[in-house]
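Colleague: Could you take one part of this model and go through its surroundings closely, giving the cut-offs as you go?

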Amino acid sequence: MIEANALDYRIGEADILRGVNVRVDTGEFFGIIGPNGSGKSTLLKLLSGIERAQSGDVSLGGRELGGYARKELARLLAVLQQDALPPLGYTVREVVEMGRYPYQSWLGGEKEDPEELIGKVMEKLDLTRLSDRPVSELSGGERQRAALAKTLVQEPNVLMLDEPTTFLDIGFQLQMMDYIRDWQRDNGLTVVAVLHDLNLAAQYCDRLLVLHGGRVAAVGKPEEVLVPELVNKVYGTEPIVLRHPDSGVPQILLRGR
């Protein structure tokens, strides 16, 4: 579904990414993890076409990203960036409807009425009751749900997320990730997510790519990647790794001094 080969990205004299290879399979929930400054958000921007690498290539469905027209790519791929929905004067309903832009003619119309889809997404994300409320009046969690709804009504095959749970408390973090996973499973969506929380990454991702110093340190299932030796090498801390009592996936506990 998504392939990236030998990606190099620099800002001035600083190497942000070096020789990065990525493969994401159709229908996979793929996580990108690593310490601050390792290049996670930059890699997501390259995989989504927001930025272009100095060398290397990225393809979607066997076709290079540069070969897609803007609206054509937007019908296949949606991106939810950090703080994707700053306070605006628009209502929640109006913001969600903006996700239909890739399907609209230059007059703003569509071949098929999207009302049923928009209603379904808003109901799923518990936004119907907030439909007429200005985005500027929403809490952080509500605003993040509205941003997610906007990307879902875009009906992408691929959803890319840049730390979608940042600034959310524990309950909203789990709620947000559950919404994404449910939609992924129900619609065959491919998800690529940059995640800061290693325990959330282990809970929701099929595979993880670990970035360290702009290079790929490891790729594999959570139980293959989240091992004490690698976590210590990449994050500079000695963790205790336990199995989750329900799911069996690895969970990280930190040692105090």
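Modeller: Leu-88 is partly exposed, because its relative accessible area is 31%, between the limits for buried (under 20%) and exposed (over 50%), with a 1.4 Å probe and protein chains only. This is a predicted model, in which local features need pLDDT of at least 70 and side-chain atom pairs pLDDT 80 or more, while totals for chains, interfaces and linings use all residues. Numbering starts from 1 along each chain as its sequence is written, and side-chain values use heavy atoms, without hydrogens or water.

Leu-88 lies in the loop that runs between strand S6 (77-80) and helix H3 (92-97); helices (H or I, at least four residues) and strands (E, at least two) are DSSP runs numbered from the N terminus. Together with Tyr-90 and Met-98, Leu-88 makes up a nonpolar surface patch of about 250 Å² accessible area. Patch members have over 30% relative accessible area and no salt bridge, with nonpolar side chains (Val, Leu, Ile, Met, Phe, Trp, Tyr) joined within 5 Å and like charges within 9 Å; areas are Shrake-Rupley values.

Leaving out residues up to four places away in sequence, the contacts of Arg-145 include Asp-126, Leu-130, Phe-172 and Tyr-179, where contact means heavy atoms within 4.5 Å.

Note on methods. Areas by Shrake-Rupley, 256 points an atom, 1.4 Å probe, with all protein chains shown as cover. Salt bridge = Lys/Arg side-chain N within 4 Å of Asp/Glu carboxyl O.
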